[in-house]
Amino acid sequence: MLMKFLPRILIVALLFTYVVAPCAYARSQEKKALEQAAKVKAGVAKLGTGPDARIAVKLRDKTTVAGYVSQVGDDSFVITDLKTSTTTTVPYLNVEQARGKGLSTGAKIAIGAGIGVGAFFLIGYLAYLYDETH
């Protein structure tokens, strides 16, 4: 009796692997894309609009669009090229990577720490020179 149902069980298991598992993977990819789009949307909103809101965007089709954010919408934003003034509407879901104008917080902290350490050593060196001359 078991030998009669075993091939059917194996067929069902294989069908499950080929049909259900890819659907779950596609849903997780879709979820990641939605999370990425939400991050991009928040970053663009933080950046603002106008010629000072410069941005470079790498799209999912591997093209790059650079310029400044001229309009922000619910599903997309518009990038205007600085040189040619051509506009490109970019859906948030199509963005793979976005870089805004300015430095990240970590870079600012590192620069500040470097300046502080440099000033500390400069003051120490000047104090050393002052002690030797007196």
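Predicted model: local features only at pLDDT ≥ 70, side-chain atom pairs only at ≥ 80, totals over all residues.
Colleague: Which residues make up the covered face of strand S1?

Modeller: S1 spans residues 54–59. Its uncovered face holds Arg 54, Ala 56 and Lys 58. The covered face holds Ile 55, Val 57 and Leu 59.

Colleague: In which sense do S1 and S2 pair, parallel or antiparallel?

Modeller: S2 covers residues 64–72. Five bridges link S1 and S2. Their sense is antiparallel.

Colleague: What is the bridge partner of Ala 56 in S2?

Modeller: Ala 56 belongs to the uncovered face of S1. Its bridge partner in S2 is Ala 66.

Colleague: Which residue in the turn of the S1 and S2 hairpin has a positive phi?

Modeller: Four residues lie between the two strands of this hairpin.

Colleague: How many aromatic pairs does a search of the whole structure find? And why is the pair of Phe 120 and Phe 121 classed as it is?

Modeller: The search finds two aromatic pairs. In the pair of Phe 120 and Phe 121, the ring centres are 5.7 Å apart. The planes meet at 70°, and the cut-off is over 60 degrees. The pair is therefore edge-to-face.

Colleague: Is Phe 121 buried or exposed?

Modeller: Exposed means over 50% relative accessible area. Phe 120, at 61%, is exposed. Phe 121 has a relative accessible area of 55%, so Phe 121 is exposed.

Methods:
Residues numbered from 1 in each chain as written. Heavy atoms only, no water. Buried < 20%, exposed > 50% of the residue type's maximum accessible area, 1.4 Å probe, protein only. Pairing = 2+ DSSP bridges. Phe/Tyr/Trp six-rings, centres within 6.5 Å; stacked < 30°, edge-to-face > 60°.
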